[in-house]
Amino acid sequence: SVPTPTTGQGTGTNKDPIARKLRLRRGKQGHEEADSDQAKILKGMKDIAKDKNKRTLEEVKAESLKPKRWDESLEKPPLDYSELFEEDAGQTTGLTIWEIENFLPNQVDEVAHGKFYEGDCYIVLKTSFDDSGNLTWQIYFWIGEKATLDKRACSAIHAVNLRNFLGAECRTIREEQGDESEEFLHLFPNDIVYIEGGRTSSGFFTVEDTTYVTRLYRVHAAGTSGIHLEPVTVCAESLDPRFVFVLDQGLKIFMWYGKKAKNTFKSKARLVAEKINKNERKNKAEIIMEVYNEESSEFWRAIGEESGEPPEDPIIEYVSDDFTIMPPRLYQVQLGMGYLELPQVEVAHNKLNHNLLNSRNVYILDCYLDLFVWFGKKSTRLVRAAAVKLSQELFSMIERPSHALVTRVQEGTETQIFKAKFSGWDEVIAVDFTRTAESVQKTGADLTKWAKQQETKADLAALFTPRQPSMSITEAQQLMDDWNEDLEAMESFVLEGKKFVRLPEEELGHFYSKDCYVFLCRYWIPVEGDDDEEEESPPPEDDFQCIVYFWQGRDAGNMGWLTFTFTLQKKFKALFGENLEVVRTHQQQENFKFLAHFKRKMIIHLGKRKEQRPANSSPPVELYHLRANGGPLCTRLVQIKPDSSNLNSEFCYILKVPFDKEDESGIVYLWIGSKANPDEVRLAEEIAEEIFNNPWITLQVINEGEEPDNFFWVGLGGRKPYEQNADFMQYTRLFRCSNEKGYFTVSEKCSDFCQDDLADDDIMILDNGEHVFLWLGSRCSEVEIKLAYKSAQVYIQHMRVKQPERPRKLFLTLKNKESRRFTKCFHGWGEHKRPPE
């Protein structure tokens, strides 16, 4: 049985409703007291928080008074990427390409994908799905070789903007023309194509060519030794046979000499033109001499005769004998109390001196036909603006001829015409060509003593030394054997893009004119020991030498040398220390030791190694000329222009005529001149068999006179006359004339000279056995020209005594205008190097 609970006595107190109410009432009061306590606590906490916030605000306010650092004040600009890229960009798989135009990306049509302009920059986006089905992106920015700075910068910036727009986590990858990564190239189904030029315009302001105002000046005497250039109307009627005239067209300055003009004025006017060319035209102007009744048609057209013929009316004397130069007036522009002032500057003895010009001021020089506004370097902008306005009003206040001009001049860049208005400012030296030795001797002067005092030191000894004899084949072979025996190892590198890579062994000896090569050569140095020393003694440790040859093609830039000095040279220096020697050599200027390592089989190609040809273009015809300058050791096979006029009966040539566009099949001719050296014939056969060892290429050895018409003459552009002998090889000598040592010297180049030995700022004398050429560099001085001309005459007279059977004639040759008689003396003659811009 289950016991049931009972309410027995002793188990608990009886229920009391009154007591229960009292308990409830006491509980309610306790809760109210607890709530009151909690409210007090909360209020205290709020007060503390307010005090803390107040102190924090005061501290922030105090800190905000401190100046912020530059990087703290930078704020990220709010960009609306929808203004740069389309909404659906990167939302579909495939390639999307933008080109940079005027600082902004512009989407490229799909048909143009893979075709890049060398002057442009592009952003390339590759969109695809990953394994989980999410979109993933690859972002590249491609930079053209000739792209402007704004396009390069914007392509990098907008590539990052594209990444932010897509929310991608990939990095942006830089690709440069000619040095693209394999991943980038794999984006395109076909090979990428480079197109010359640029399709889009730069966002920068472009500098336009300077425009020149054609002006004609008549030369007058000014003061005791100066000259004055009087502006006249540009027309034939302004010419006067008693004066010298200067016609300034900007890049052409014509000097017109009247038949009665004084020689002193001719000399001074020429010097003024030279200074205008040097200081104002950066030596780009051409100074042309025009003599009365022998003027060129170019001169007459420049002066206004459209037919290029002299005017029907004769040139007459019309300038009055009483002509006087209008005195110039110099004004200073000043700001008065709310108005402009233009006081005239007092000039002592009516002679302007350039010391009157103050850098803090602006001046107006009124010469009637010329009005100059001169701005000092420290002058204020307000005064400058006022001077421009005043000059226009002053110019129009009086009636002036139509050829009058207002010219603005900045301090430090004053024109020669402006300087001529001031006495003693860059004055032209007076040269009197009218005095003769007889007229000076009549004055009682001792001309012999004077001549000794004025005698200029000159060193012409090189002109009288005999020609260096050619090296024999036996001597050359002995040198090659000795140097190659000392050579323990040679490692070769070639510049590809921005880094040097190892040169494949089959390419050793092949050089390209647009590339740079590095050869690390380790030589064994035999150390002679003492006789008493035991045979088993260990050899010394420093019995080797390392020479690094840096070879630079004549069409290669200097970036290769900079890359080498900051990469390989540092590594080699760390490895070999003091045993390392670096030799920089240029194409066809190599030393004998370097040439010896290629055993007379040095081949120089035109262009760049692995150069990409334009799509659908045929491979070019290649012609190589084998020649030794000064001896067999200096033998090279150099690629030249494929033209039959370049052949010579005393040499061997290799002609490659391709059949297809892939350059895989073709025919190679080894052309042997009828008077060729048998040793060079043997060498040419060996080289032809080595470099054209290809089953798809046919090699044919043909003698002179046995040439087939179908491919040989067609490949050379048709049959043309060519030289039958090379006697000049026995007589060629090249001399350099220079005054860089402080006096005039003539030095001889070695017999292995080349085109790049023609120094642009010097004068060269070339003897080919029949003619003596005086070659003028574009930056040579007049003093050097005169002294070199005399030296060439002395050399010709000397050679008439030494070789009476070969009289020489003197010819003048200018750069870029050399004749075939001159260029044939140089192996592999081509276009002159262009100086960097």
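**Charges over rings**

I began with R218, which lies over the face of F243, at 5.8 Å from the ring centre. For this I required NZ of Lys or CZ of Arg within 6 Å of the ring centre and within 35 degrees of the ring normal. I then found the charged end of R218 over the ring of F323 too, 5.1 Å from its centre.

**Ground rules**

I am working with a predicted model, in which local features need pLDDT of at least 70 and side-chain atom pairs count only at pLDDT 80 or more, while totals for chains, interfaces and linings use all residues. Residues are numbered from 1 along each chain as its sequence is written, and side-chain values use heavy atoms, with hydrogens and water left out.

**Aromatic pairs**

I paired rings of Phe, Tyr and Trp (its six-membered ring) with centres within 6.5 Å, calling them stacked if the planes are under 30 degrees apart, edge-to-face if over 60, and tilted for the rest. How many aromatic pairs does this rule give? The count is 45.

I looked at F245 and W256, an edge-to-face pair with 5.7 Å centre to centre and 65 degrees between the planes. F245 sits in strand β10 (residues 244–248) and W256 in strand β11 (residues 252–257), 11 residues apart. Helices (H or I, at least four residues) and strands (E, at least two) are DSSP runs, numbered from the N terminus.

Are these two buried or exposed? F245 counts as buried because its relative accessibility is 0%, and W256 is buried at 1%. My cut-offs are under 20% relative accessible area for buried, over 50% for exposed and partly exposed in between (1.4 Å probe, protein chains only).

Next I checked Y517 and W551, also edge-to-face, at 5.7 Å centre to centre and 70 degrees between the planes. Y517 lies in strand β22 (residues 516–524) and W551 in strand β23 (residues 544–552), so this pair ties together parts 34 residues apart in sequence. Both Y517 and W551 are buried.

I also noted one aromatic cluster, formed by F116, Y122, Y140, W142, F184, F188 and Y194.

**Helix α16**

My last stop was the buried set of α16: E784, A788, S791, A792, Y795, I796, H798 and M799. They cover an arc of only 165 degrees around the axis, so they lie on the same side of α16; the arc is that of the directions from the helix axis to the C-beta atoms. The face turned away from that buried side carries the exposed residues V783, K786, K790, Q797 and V801.
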